Amino acid sequence: MRRAPHKKMLGHLHDAGNAVTLASYPRMPVTAFLASGLECFRFPPGFPFRSHETLMDARFLKSATDVSRLGDCHSEVAFVGRSNVGKSSLLNALVRQKQLARTSKTPGRTREINVFLAGPDRWIVDLPGYGYAKRPAKERSAWQGMIERYLTTRETLRMIFVLVDAEVGPTPLDLQMIEWLESIDRDYCIVATKSDRVKASRQHAQRRDVAAVLGLTAPDIAWVSSSTGTGIDDLRREVAEILST
Ligand SMILES: Nc1nc2c(ncn2[C@@H]2O[C@H](COP(=O)(O)OP(=O)(O)OP(=O)(O)O)[C@@H](O)[C@H]2O)c(=O)[nH]1
Ligand SMILES: [Mg+2]
């Protein structure tokens, strides 16, 4: 049976509309970050998680290839998807910073597990993409092992956002990833990216069709564009809500 936590999460946001409760702590100045190591910024102990506002203060925390060296956090969400689908761009759009995560026209830009601090002990994790054939087989299998270890072992991983191209729809590799996530009993949400590339006249039908391939309905999937900002505010609220748990 298909798990659909994304249905639950997105449905909740749709029901609540703008009434989603957002913590209203004053914006924290950057100086409130305490540097506790060369590659590690920390919020002061007990600093409250201020929901979507805190996401905008996100900063790079660390990169790792060895999952066992990542360290602990309170909660984290991760972006997975095929190379070039727009994972790093989506992260930048969500935190409203143009170049926090490195993006590129060339697939295979992100090569490590990149951790961004988006609140006290709250992480957003940008992963390398899958399905990029132009890297040596050895490297690809190392990435795959790294991603699989990350996705199977992180107990604080609250939600995996599976990005699919809005214009192309889920590819066989995307479907494989989704089936695998279900087999390991992980919560995931589908996010259709680059929706600006779909003709205006096809927007509704395409969203419905992409969702239908996965046995879902249009509102069950997030429909976003990092270029135009479509769907970004809703998704940011969702990410903040998940991280607050
Ligand atoms: N039109 C359009 N282009 C986008 C959008 N998001 C990302 N792109 C472009 O898609 C390309 C890939 O974006 P990235 O964010 O680097 O993709 P990625 O999934 O992180 O790629 P890897 O790190 O290689 O796995 C870049 O040229 C982006 O400018 C979008 O919403 N609309
Ligand atoms: Mg990337």
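Strand E4 (residues 75-81) and strand E6 (residues 122-126) run parallel and are joined by 5 bridges, strands here being DSSP runs of E with at least two residues and helices DSSP runs of H or I with at least four, numbered from the N terminus. Within this pairing, Phe79 has Asp126 in E6 as its bridge partner. The model is a predicted one, in which local features need pLDDT of at least 70 and side-chain atom pairs count only at pLDDT 80 or more, whereas totals for chains, interfaces and linings use all residues. Residues are numbered from 1 along each chain as its sequence is written, while chains are lettered from A and ligands numbered from 1 in the order in which they are written.

In general, the strands of a sheet pair through backbone hydrogen bonds, either parallel or antiparallel. The open sheet in this model is formed by 7 strands in the order E3-E5-E6-E4-E7-E8-E9, with mixed pairing, where two strands count as paired if DSSP finds at least two bridges between them. Strand E3 (59-64) and strand E9 (222-223) are the edge strands, each pairing on one side only. Helix H7 packs on this sheet, touching E4, E6, strand E7 (157-165), E8 and E9, a contact being two residues whose C-beta atoms, placed from the backbone, lie within 7 Å. The direction of H7 makes about 135 degrees with that of E4; axes are lines fitted to C-alpha atoms, for helices over the stretch in contact, and angles run from 0 to 180 degrees between N-to-C directions.

Helix H7 (residues 232-243) comprises 12 residues and reaches 16 Å from its first C-alpha to its last, close to the 16 Å expected at 1.5 Å a residue, the expected span being 1.5 Å times one less than the number of residues. Its buried residues are Leu235, Glu238, Val239, Ala240, Glu241 and Leu243, where a residue is buried if 20 or more other C-beta atoms lie within 10 Å of its own, exposed if 12 or fewer, and partly exposed in between, with C-beta atoms placed from the backbone.

Two loop residues other than glycine have positive phi values. For Arg96, in the loop between H3 and strand E5 (113-117), phi is near 50 degrees; Arg96 is partly exposed because 14 other C-beta atoms lie within 10 Å. For Lys194, in the loop between strand E8 (188-193) and helix H6 (203-213), phi is near 55 degrees; Lys194 is buried because 23 other C-beta atoms lie within 10 Å.
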